[in-house]
Structure formats: structure tokens, C-alpha cells
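Have the model open while you read.

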Amino acid sequence: MAVYEKRHDDNRTYVRIGEEDNADNSAKKTGKEEFLDAKDVELALPHQQFDSLSEHDGANAKLMSQGAAGVFAKDRLVSLDVFRGLTVVLMIFVDDAGGIMPAVNHSPWNGVTLADFVMPFFLFIVGVSLGLVYKNVPCRSVGTRKAIFRAFKLIMLGLFLQGGYFHGLNELTYGVDIEHIRLMGILQRIAIAYLLTAACEIWLKGDNKVNSGLSLLRKYQSQWAMAFALIALYLTLLYGLVVPDWEYQISTETSSLAPKIFSVKCGVRGDTGPACNAVGMIDRKILGINHLYRRPIYARTEQCSINSPDYGPLPADAPSWCEAPFEPEGLLSSIMAIVTCLIGLHCGHIIVHFKDDKVRLSQWMISSLALVTMGIALDFLGMHINKAMYTFSYMCVTAGAAGVLFSGIYLLVDVYGHKRSTLVLKWVGMHALVIYVLAACDVLPVILQGFYWRQPENNILRLIGIGRNE
């Protein structure tokens with residue numbers, strides 16, 4: 001049973017969270033004082049950290065639910081905010097610099113670049129946050145309903161922002177044909193990973209006490225079983241399914257002409273190239289080819305662009321699949337995204353159960369470096385690192401890198417206390433979802449260009465050189 005203790009000192013309220021030792025019926029409080037704000041799960045996606053406690057203890061729950069309104073703690077886990085803020089800054093940087101420096105942009109197919117770490121970092125942060133949010137769940141059904149509702153809100157927001165409703169810069173129109181709306185996207189993937197990981201944390205954990213790394217694994221062995229099952233499912237489908245021939249069509253500029261139809265020859269099993277992989281096939285079959293992302297990442301490969309690794313005109317001998325839609329946040333690839341979130345959840349468990357900084361850092365670094373090593377070895381052996389398909393090797397490298405980076409930030413910020421120098425990143429991390437919506441989804445630029453002088457071209461964005469026609 002959780003034990004809560006509050007005290008007032010220096011005009012601040014402190015909350016201590018510990019464990020009651022039921023063996024001797026004494027309230028044995030363990031652990032240092034830690035507090036996480038109301039904005040820690042959505043994009044690692046902010047919501048009230050102590051919602052799950054609010055039905056348990058009237059007075060104390062009321063105190064904890066006031067976190068965003070001014071309840072402070074002596075030892076807030078600032079490193080998680082800073083990591084989230086750094087990831088948001090990285091996301092904005094690669095989005096803006098990717099067109100200027102293609103080497104920073106997402107890898108056209110195999111390989112990994114700076115931009116390819118953004119999504120796994122967010123998923124990892126979501127997992128860490130969930131380990132702290134759901135460490136005490138008085139009512140599992142209530143916690144599950146709240147997780148479902150939060151995931152639903154994220155999915156709907158993702159459909160609105162990335163489904164094609166906004167037509168982007170240089171366009172003062174909006175709206176989307178439901179027959180061609182993009183169904184998956186960044187927020188939808190995060191919502192799926194969040195929901196499945198939250199369900200694992202709510203329903204799949206043991207009651208045994210944790211006093212070592214081995215006992216930690218035993219307590220959460222069902223969650224690890226789920227992770228291995230997801231990996232096995234992904235690998236079985238990726239390498240076991242036969243991908244048949246398929247076709248797609250592209251509408252011509254003149255609506256009176258029939259659309260062009262392209263045929264892609266496959267009939268293979270276990271192919272991991274752009275045209276005939278099981279990841280794309282499953283999305284075409286289940287989501288429908290009209291509901292996929294229409295600017296495929298492989299259009300920047302040498303086979304499909306004379307300006308590779310940037311977008312460009314098609315080569316004369318370009319294969320037929322170069323302009324086919326492909327969903328980078330698809331269904332099968334999202335299975336491995338859930339595993340990344342579960343790895344982050346494990347790091348959150350280490351925070352909950354181990355209070356010594358050296359133990360935390362050693363646990364994180366050992367597992368993270370092992371993942372990076374495994375991913376690089378798998379890539380060398382032929383299971384290529386590939387963000388578009390979210391391959392197992394890609395998951396290992398990026399999740400391990402997230403663990404290493406988080407360890408470094410934790411050491412710098414929460415152990416050595418360099419919090420003032422990271423105030424900006426902390427602020428960005430605490431407002432991650434709002435910044436993502438306004439900046440990364442071009443909502444703010446779209447709003448600004450709606451204000452113009454006499455002609456739509458005379459808007460603020462054109463004045464500062466954004467959205468100018470080439």
C-alpha cells in the first residue's frame with residue numbers, strides 16, 4: 001500500500017511517496033521525494049501524474065491533484081522534462097534543416113540519420129513517464145478507461161493535424177476528402193504505443209518486492225513476455241508473408257483524363273526493399289492505399305531521384321513504385337514502436353524501485369549499450385536499420401541511444417544539479433504538445449499567412465521569406 005506524507009517548509013509543500021511494509025504493519029517510508037508535473041506523458045504526453053491516485057485517498061489525492069496549480073517538490077525529475085524539450089527542439093531542427101541539409105533529413109531507406117531518432121525518443125519518454133504515472137493504480141478499470149480516453153484524444157488530434165485537413169504553406173484552403181484522409185501519423189502511433197504500454201503497466205505486473213535487478217525482472221516478467229511476443233509477431237509477419245503483385249494509380253493534372261495506373265511486380269517473401277515489403281502490403285490491405293502518406297520517403301533514393309538523398313525529378317529508368325504511397329507510421333511498424341515504449345517503461349521502473357543514482361545509471365547504461373550493440377550487429381548481419389519499416393535493429397539502436405542520452409541528462413541535471421542552464425529546454429518539454437502542434441504541424445504558419453494586405457501573397461510569412469514560390 002502506498003504511503004503519502006506532506007509537510008510544509010519554507011513556504012513550500014513537499015510530498016513524500018513511499019511503501020507501507022505490511023509485514024510488520026508499520027508505515028516504512030522509502031525513497032527520496034520526487035514529483036512529476038501534470039505535463040509528462042503527452043508528447044511524452046502531458047497529463048496529471050496523480051490521476052490514478054485520486055480515488056484512493058481524499059485529502060492526499062486532493063493535494064496531489066494540485067500539482068500543475070502550484071504544488072512543488074524538493075526533487076522533481078527535471079531530466080525528463082529536459083529530455084523531452086531537447087527532443088522537441090531536435091524535431092523542429094530536422095524539419096526545418098532537412099530541406100537544406102538532406103544528410104540531416106530522414107534516411108531515404110536503410111541507415112539512420114539525426115532525424116530518425118526523434119520518434120523513438122518520444123516513445124521512450126512516454127514509456128518512462130508511464131512507469132511513474134501508474135506505479136500505484138487503486139482501480140485498474142478506471143485507469144484503463146482514462147488511458148483509452150487519452151489515446152482517443154491523441155488519435156483524433158492526429159487525424160485533424162496530419163490527415164490532410166490543412167493544405168500547408170501557400171494555400172489558404174482547408175478540408176479533406178474522407179476517401180483520401182491519411183489515417184495514421186505521428187500522434188496516432190504515439191497513442192497506440194501509449195495505450196498498449198499503459199495497459200501492460202496497469203494489468204501485467206507482479207506483487208513481489210524489488211531489491212535487485214533480478215527481482216525487478218521477475219516483477220515485470222509478463223511485460224517482458226509481451227515485448228518478446230510483439231517482436232516475434234513483427235519478425236514473423238515481416239519475413240514470413242508473401243507479398244503479391246500490386247498496383248496503384250496517380251491522378252493526372254487534367255481531371256478529364258483517366259488516372260495513370262502503375263503495376264509493381266513482387267511475388268516474394270521476406271523482402272525488405274521499398275517495393276515488396278510486408279510493412280507496406282499490410283497497410284495497403286487494411287488501411288487502403290488511398291489513406292497512406294503520399295510523399296514516400298523512398299522517393300529520395302537514388303533509384304527515384306536524380307537529386308538523392310533529396311527529393312527530385314525521376315530518373316529515366318525509375319522503377320514503377322517510386323511514386324506509390326507508403327505509410328511511415330504504419331500498422332506493422334507500430335508494433336516495434338510499442339516495444340520502444342516498453343523499454344522506456346522499464347527505465348521508469350528503475351526510477352521507481354531504485355533510489356541510488358549510481359544504481360539507476362548503471363542499470364540504464366548496461367541495458368542501453370547492450371541494445372545499441374545488438375542493433376549494430378544485426379545491421380552488419382543483414383537485418384538493416386530502417387526507420388520506415390521500424391526494423392528490430394532500428395528499434396535496438398534508437399531505444400538504446402535514448403537510454404544513453406537520458407542517462408547523461410539525468411547525470412547532468414538531477415545528479416550534478418545543472419538545472420538553471422537547462423531552463424529553456426525544461427520549459428519546452430513542459431509545453432511539448434502545444435509547441436508540436438503550432439510549429440511542427442505548421443499550424444502557426446498557416447494561421448499567420450491568413451492575415452494579408454490586399455492580396456494573399458502579401459502576408460507576414462512572405463515578408464520574412466517563408467513559403468516563397470521557387
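Which cysteine does a disulfide join to C266? The partner is C276, with an S to S distance of 2.1 Å. A disulfide here is a pair of cysteine sulfur atoms within 2.5 Å.

Some ground rules before going on. This is a predicted model, where local features need pLDDT of at least 70 and side-chain atom pairs count only at pLDDT 80 or more, while totals for chains, interfaces and linings use all residues. Residues are numbered from 1 along each chain as its sequence is written, and side-chain values use heavy atoms, with hydrogens and water left out.

**The two bridges**

The structure holds two disulfides. Here they are, with the angle about the S-S bond:

| Pair | S to S | Angle and hand |
|---|---|---|
| C266 and C276 | 2.1 Å | -85°, left-handed |
| C304 and C322 | 1.9 Å | -80°, left-handed |

The C304 and C322 pair links distant parts of the chain, 18 residues apart, and both cysteines sit in the loop between α8 and α9 (331-353). Helices (H or I, at least four residues) and strands (E, at least two) are DSSP runs, numbered from the N terminus.

Now back to the bridge of C266 and C276, which is left-handed. This pair also links distant parts of the chain, ten residues apart: C266 is in the loop between β5 (260-264) and β6 (268-269), and C276 is in the loop between β6 and α8 (278-286).

If you number the bonded cysteines in sequence order, the pairing reads 1-2, 3-4.

**Buried or exposed?**

Buried means under 20% relative accessible area, exposed means over 50%, and partly exposed is in between (1.4 Å probe, protein chains only). C266 counts as buried because its relative accessibility is 14%, and C276 is buried too, at 8%.

**Cysteines beyond the bridges**

C200 is buried, with a relative accessible area of 4%. C396 is buried as well, at 1%.

**A quick stop at T87**

Let's finish with a threonine. T87 is found in helix α2 (residues 78-97), and T87 counts as buried at 1% relative accessibility. Leaving out residues up to four places away in sequence, T87 touches V118, F121, F122 and I125. Contact means heavy atoms within 4.5 Å.
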